[in-house]
Amino acid sequence: MTFGQRFARLVTDVVVRRPMLWRLFRAPLRSQFDKLAPVWDTIRQPDTFAPLDAALDRIDSHPQRVLDLGTGTGAVARLVAERFPEAEIVGADLSAHMIDQARRLTNSPRVTYQVADAQKLPFADGSFDLVTLGNMIPFFDELARVVASGGHVVVAYSAGPETPIYVPAKRLRTELGRRGFVDFAELSAARGIALLAAKR
Ligand SMILES: C[S@@+](CC[C@H](N)C(=O)[O-])C[C@H]1O[C@@H](n2cnc3c(N)ncnc32)[C@H](O)[C@@H]1O
């Protein structure tokens with residue numbers, strides 16, 4: 001891993017255990033992703049979102065309101081828009097430069113983007129039927145707050161444990177289970193993994 005990737009892993013490990021410490025890391029991580037925004041799509045491989053796609057396959061409802069957290073350049077938001085033609089999707093990211101790229105690459109009126117911090121989201125309780133996180137740090141309290149009862153969450157890591165931002169499925173299950181999520185399914189596809197859960 002590069003220095004930047006090791007830093008992203010360190011931040012993930014610390015923040016999942018101690019979310020309060022995020023305030024120390026917010027500015028440097030945002031700056032790191034602002035710099036990466038112009039080249040982000042060049043490091044993507046064709047199967048990057050295979051695990052996330054496999055998890056979406058398992059959702060038998062038709063989500064209308066979807067939030068893609070840590071959307072980066074919006075690839076997952078666009079994938080979800082293709083999957084669920086009736087859904088309105090919001091892609092949220094800390095990095096304004098990532099959001100600029102996402103807006104440039106998206107031409108669907110159903111997909112909108114917002115600069116927002118996943119630790120303190122500007123959305124009402126239960127605003128979304130589905131929240132997706134692709135290669136993103138989960139902030140469990142906010143995540144649980146914005147998912148509607150009966151809604152779903154998908155957390156996917158494109159290169160499994162080798163993904164710089166990565167949280168093991170066991171930890172995801174424990175944290176989400178504490179916050180009312182049930183019906184966990186773990187999916188493996190290509191090099192990655194995804195976890196699907198439903199909110200009671
Ligand atoms: C590894 S990138 C993944 C981008 C995209 N989901 C993908 O898989 O291509 C992580 C993204 O999460 C964003 N991010 C990190 N912490 C965040 C936070 N607290 N709130 C919102 N976005 C955040 C970063 O700015 C970055 O764009």
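Phenylalanine 33 counts as buried in this predicted model, with a relative accessibility of 16%. That value puts phenylalanine 33 on the buried side because the cut-off is under 20% relative accessible area. Tryptophan 40, at a relative accessible area of 23%, is partly exposed instead.

Now for the rings. A pair of aromatic rings is described by the distance of the centres and the angle of the planes. By the ring-pairing rule, the count here comes to five aromatic pairs. One of them joins phenylalanine 33 and tryptophan 40: the planes sit at 70 degrees, so this pair is edge-to-face, given that angles over 60 degrees get that label. Tyrosine 157 and tyrosine 166 form an aromatic pair too, and that pair is also edge-to-face. Both of these tyrosines are buried.

Here are the two pairs side by side:

| Ring pair | Centre to centre | Angle between planes |
|---|---|---|
| Phenylalanine 33 and tryptophan 40 | 5.8 Å | 70 degrees |
| Tyrosine 157 and tyrosine 166 | 5.4 Å | 75 degrees |

Next up is threonine 163. Where does threonine 163 lie? Look in the loop between β5 (147-157) and α7 (169-178).

Key:
Residues numbered from 1 in each chain as written. Predicted model: local features only at pLDDT ≥ 70, side-chain atom pairs only at ≥ 80, totals over all residues. Heavy atoms only, no water. Phe/Tyr/Trp six-rings, centres within 6.5 Å; stacked < 30°, edge-to-face > 60°. Buried < 20%, exposed > 50% of the residue type's maximum accessible area, 1.4 Å probe, protein only. Helix = DSSP H or I, 4+ residues; strand = E, 2+ residues; numbered from the N terminus.
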